[in-house]
Amino acid sequence: MSTPSTDPRVLVADLRADLQAANYTVDGVGALVGDVASAALDREQSLPALRATEGSSDPAAVLLRVTTLGRAVTRAALDAALPRTGTAGAERLGLVRAAGSAPEDEVKPLVDLRPYSVDDAAGTAHWWLVSDLGELATGEALSADHVLGVGGASLTLASATIRTPVERVLDLGTGCGIQALHASRHSRRVTATDTSERALDLAAVNAALNEVALDLRQGSLFDPVEAGERFDLVVSNPPFVITPRTDAVPTYEYRDGGMPGDSLVQRLVGGVGEVLAPGGVAQLLGNWELHEGQSWSQRLEEWLAGTGLDAWVVQREVADPALYAETWIRDGGQKSGPRFDELYTAWLDDFAARGVTGVGFGVLTLRRPLRPGAPLRRFEENFATLSDPLGEVFAAGLAVHDRLAGLADPDDLADLTLQVAPDVTDERFHTPGDPDPRIVLLRQGGGLRHVAQVDGDLAGLVGACDGELTVGQITAGLAVLGEEAVGEVRTRLYPRVRDLIADGILLLP
Ligand SMILES: C[S@@+](CC[C@H](N)C(=O)[O-])C[C@H]1O[C@@H](n2cnc3c(N)ncnc32)[C@H](O)[C@@H]1O
C-alpha cells in the first residue's frame, strides 16, 4: 500500500478509485449480500447483511461492515479494502478512527458511507454518499445535529422532481446533498443551502467524491439567496416535522426547523415564488396540520393566497395526532418507556393546544406562471402505492393545464381528436344478471394511478376516442343514440372530458 496523500483532493480521488475497484456499488453490494439482506437493509435491519458478510475479506464486504453496518474491522482489513487511501487516508478524511497503528488494531466508523445509483435521462451513475451514522450502526438515539442519509422522503422528492434541463436549481435544506447531486445532472448550476454547517461539510465531501460542482451556502430558508437571484427549479425536502416547542423535546435539525406547528412549510410555500424565475417550478415535501372545520386544501389555499403561484398538491398520507407523535418519537431512536411517554405527552399537548385533528403529508408542485390569469389549483388525495418516477407526470400535467387553459371555448374541445392513454384499462362492475354495468372505472396503470368513475355515455365517449373522431363527432353520435340535444350532452360531458385530460386518462393530440 502506498503512503496516502495529505491533499484532500487527492485523497478523495484515491477513495473514489478504491470504492470503484472494490465494486462497492448498489449492484455490487446486492450481489454480495443477496436480495433478502438488501431488502432488510432498506428497512434499516442489519442482521442479514452482517451474517452474509461475516468473516469475508472481500473489499466490498469489509467496506459495508465498517461504513454502513457500523462494525469494527481490523486496520489490515481496511488497508486491503482501500489500497490507495489506506486506513490513514480514511482517518484524514474523517471517515474512521483507528485504535492504533498495528495491523490487528480495530478501526471504527465515524460516518456512514454507502453506494447510491441513479438512472435518469443522463444515463446511469454510481455515487457514494457520506452521512452521519444512523441507529442501524450505533444502536443509539440520534444526536441533535445528525445529518441524514438518503431516506424514504429523499427518494419521494427525487422521484417527483421534474428533470427538464434548466439553468439554475436551488436545493433548500440540502443535508448530505442528495437532491443537489440529482439536480446537477440537468442543471448548469446548483445552489444548495442548509442551516447546518455539518450538513454542508458532508455535502461538500459528497460533491467532491462524485465529481459534481455545488454552490454551497449556509443560512435559513431564503436568507442565502442573494437579491435578484432567480431559479428555474427549487427543490426542498425541508425539516417539516411538527414538533412541540418545549425544552423537554429535542430539536433535530435534520427534520425540524425549530418553528411552531407547520409554519416552516407555510413560510416556504409563501416565499418560494420570490426566488422563482418566470415559469420556474418549486417542488417541496411538507406536513400540514388538519384542523376541525377546515379541509386540508383550504389550509393550503390560505398559504398560497396572494402568491400568484400555480399549485398542484398531492396529499399522500394522513396521520392522526397520536400516530404522528409515535412515528417521529421512534424516528429519533426513542424506545418505549418513561422518556417516550414524556415526549408523547408533549406532542399530544401541542396538538391539542391548536385543535389539530391530524397531519397531512404530501408533495407540492408550485409554479410561477409565465402569463397572468387564474392560477392552477389542483389538490388531490392519493394514497395509492406509486412506483414510477413522477417528474414526467408532473411536467406533463402542467403542460396539459396550459393547453386546457387555451381551450376555454367549448368548440375548441369539440374540434379535438383525443386518444385514451395506453396504460388505461376499463373495469366494469355488474349487478348479477344485469347486462349493463352498474359502475365503470377507468384506471391508469402508471403515473399517479388515477381512477375515474364514468357513467354510460362518458364511458362510450372515452371508448370512441381513437385519435381520429373528434370529440364533437362522438358527442353528436351519443346525442342521436340517447335522443338528446347535442348541447345538453356537451354541457354534461365536456367538463368531465376536461378532467380526464387533466388526469392523463385522455391524451391531447
Ligand atoms: C429532511 S433533511 C433533507 C435532506 C436532503 N435534502 C434530503 O432530501 O434527504 C432537511 C435539511 O434541512 C436543514 N434545515 C433545517 N432547518 C433549516 C432552515 N431553516 N433552512 C434551511 N435548511 C434547514 C437540515 O439541517 C437538514 O439538512
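What we have is a predicted model, where local features need pLDDT of at least 70 and side-chain atom pairs count only at pLDDT 80 or more, while totals for chains, interfaces and linings use all residues. Residues are numbered from 1 along each chain as its sequence is written, and side-chain values use heavy atoms, with hydrogens and water left out.

Let's start with the ligand. Now some polar contacts, meaning pairs of N or O atoms within 3.5 Å. Asp-194 puts a polar side-chain atom 2.6 Å from a ligand oxygen. For Gly-175, a backbone N or O atom sits 3.4 Å from an oxygen atom of the ligand. Ser-220 has a side-chain N or O atom 2.9 Å from a ligand nitrogen.

Next, the glycine. Where is Gly-100? It lies in the loop between strand E2 (96-98) and strand E3 (106-109); strands here are DSSP runs of at least two residues, helices of at least four, numbered from the N terminus.

Finally, the helices. Which residues of H17 meet H19? They are Asp-457, Leu-458, Leu-461 and Val-462, with contact meaning heavy atoms within 4.5 Å. On H19, the partners are Arg-492, Leu-493, Arg-496, Val-497 and Leu-500.

Methods: Polar contact = N/O pair within 3.5 Å; in protein donor to acceptor, adjacent residues only side chain to side chain.
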